[in-house]
Amino acid sequence: MNTTPNVWQEVMRGMKTWARLNSPWVLHFNTGSCNGCDIEILATLTPRYDLERLGVRLQASPRHADILLCTGAVTRQARDRLVRIYAQMHEPKCVVAIGSCALSGGVFQGCYNVLGGIEDVLPVDAYIPGCPPRPEAVIDGVVKLLDGLRARGRQGKADSQ
Amino acid sequence: MNPLAALFALLIFPGGLSLLAAGLVYEWVDRKLLAGLHNRVGPRWFQPLADALKLLVKEEVVPEGVNQALFIGLPLVALAGALSAAVYVPLAGLAPVHSFPGDLIVVLYLLSLLTLGMGLAGTNTLDRFSLIGATRTLTQVFSYEAPFLMALLGAAVVAGSLSVSEICAYAGEHWLILTQPLGFVVALIGLMGKLEMPPFDAPEAHTEIVAGALTEYSGRGLAFFHLGRSVELVVGLTLVAAVYLGGLSSPVWFAVKTLALLLVMVGLQALLARLRIDQTVGLWWRYGALLVLVQWLVLILIQRS
């Protein structure tokens, strides 16, 4: 549609963006990590850092989640599962790569069984470097991702449907 | 009752919109108090609203191999059941909007619609986790439902009526928590089983079976199930508070009572670990049902003498 949006559509879009920003449910998938980053993600979700104050909840089903947290370099075995889990998630969805290996393959780069970072397989929205990243870094990454989504929502791109 | 007043009662107050709002508020209180007991900050006050809105605007996909009509219809039935149960209970401590002899049974069946809807929704999909979750949900229905019903029937026996409003009138003169403590305990814990709160959350155990019966649901369907659960929390708390804690009263005092009940439930949630499904069934039929039967025996003996 090329018509300029009216006030009602603006309000609806604002509400959608607000709800999506304030209720990011995450799904955690290990694509071939050494478990260091996974432990840090779990530490982030524990009461000490308490991501529920930002509305983040860990979901077990890809159908319920909005954000896919990937840790580790993508191995050849994990690739198909990763793509399938991404396909099972419903729009709108985001991918966050956590840890050095997820960014580039890290120390596993060039291994016979490793494809590389997450971005070689899926479109990544946020990168959180570190080996492993501290919980503060994970929270910072989530906040930056939400800021990016807010900017996208303002431009009206978040709502592709 | 004229049609306009009936519509207002159904859609605005005490049913419909205000009930949904109350459901979101109670869900927030539940999560916030639980967070307090976990020693963390907890969700912000608008969190349940943001969750519900986000799910409502999320893409909904009907997976392969399901009956489409059931997949789309069951969340509606579940939410409608929870919402219509509210017509017969004294929400906010005011007299029920509608009342007829025997509506206590109708309320309990309407409240079960949510659980039955979740069970059917789980069996409707091909996913194995949904199926296991649905089996557990339905098994749990058969374990807590009868003791819960029997506990509330204890109140009906002393009030001499199966109508919620007459039980409330009786409960206004006698605090049934003092005369029927066993029934109160079973009813409160039965409510926790109905809402699948932590000791009884085997049906949706995230660490075992993904998300139980609702694994394949997203978007609108999931939002309706969540809203239905929030509404059921309010309706169930209202029912238990009205029957056991002194019937009808002023809205503020009544809110204090329901929040006190919620606090007890939150404490139990934080305190107890998840029961296996066979332990749940064992708990209800070995102890829950037995406690209620003892309660009935005492009531019948006292009434005879």
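Val96(A) stands opposite Ala126(A), a residue of strand E7(A). In this predicted model, helix H2 of chain A, residues 36-45, packs on the sheet and touches strands E1 (25-30), E2, E3 (67-71) and E5 of that chain. The direction of H2(A) makes about 140 degrees with that of E3(A).

The sheet of chain A is open and consists of five strands in the order E2-E1-E3-E5-E7, with parallel pairing. Its edges are formed by strand E2 (57-58) and strand E7 (126-128) of chain A; each has a single partner strand, so one side of each is left without a neighbour in the sheet. Pairing between strands of a sheet is made through backbone hydrogen bonds and is either parallel or antiparallel.

Strand E5(A) comprises residues 94-98 and is joined to E7(A) by three bridges, the two strands running parallel. Besides the pair formed by Val96(A) and Ala126(A), Ile98(A) has Ile128(A) as its bridge partner in E7(A). Five bridges, again in parallel pairing, connect E3(A) with E5(A). Here Leu68(A) is partnered by Val95(A) of E5(A).

E5(A) is mostly covered, five of its five residues being buried. The burial involves both faces of the strand. Cys94(A), Val96(A) and Ile98(A) lie on one side, whereas Val95(A) and Ala97(A) lie on the other.

Glu119(A) belongs to the loop between strand E6 (114-116) and E7 of chain A. With 16 other C-beta atoms within 10 Å, Glu119(A) is partly exposed. The C-alpha atoms of Glu119(A) and Ala73(A) are separated by 10.0 Å, although the two residues are 46 residues apart along the chain.

Chain B contains 13 helices and zero strands. Its radius of gyration is 19 Å, close to the 19 Å given by the globule rule for 305 residues, so chain B is as compact as a globular protein of that length. The C-alpha trace of chain B spans about 60 × 50 × 40 Å along its principal axes. Of the 305 residues in chain B, 49% are buried. When contacts in chain B between residues at least 6 apart in sequence are considered, 80% join residues at least 24 apart.

Helix H7 of chain B, residues 164-173, illustrates how burial is arranged along one of these helices. Val164(B), Ser165(B), Ile167(B), Cys168(B) and Ala171(B) are buried in H7(B). Viewed down the axis of H7(B), the buried residues fall within an arc of 155 degrees, so they line one face of the helix. An α-helix has 3.6 residues a turn, so residues three or four places apart point the same way. The cover over the buried residues of H7(B) includes helix H5 (103-124), helix H6 (128-159), helix H8 (176-179) and helix H11 (219-244) of chain B.

The two chains meet through 18 residues of chain A, which are in contact with 27 residues of chain B. On the side of chain A that touches chain B, four residues are nonpolar, seven are polar and seven are charged.

Methods: Residues numbered from 1 in each chain as written. Chains lettered and ligands numbered in written order. Predicted model: local features only at pLDDT ≥ 70, side-chain atom pairs only at ≥ 80, totals over all residues. Helix = DSSP H or I, 4+ residues; strand = E, 2+ residues; numbered from the N terminus. Rg over C-alpha atoms; globule rule 2.2 N^0.38 Å. Buried ≥ 20, exposed ≤ 12 C-beta atoms within 10 Å, placed from the backbone. Contact = placed C-beta atoms within 7 Å. Pairing = 2+ DSSP bridges. Axes fitted to C-alpha atoms, helices over the stretch in contact; angles between N-to-C directions. Nonpolar A, V, L, I, M, F, W, Y, C, P; charged D, E, K, R; others polar. Arc of directions from axis to C-beta.
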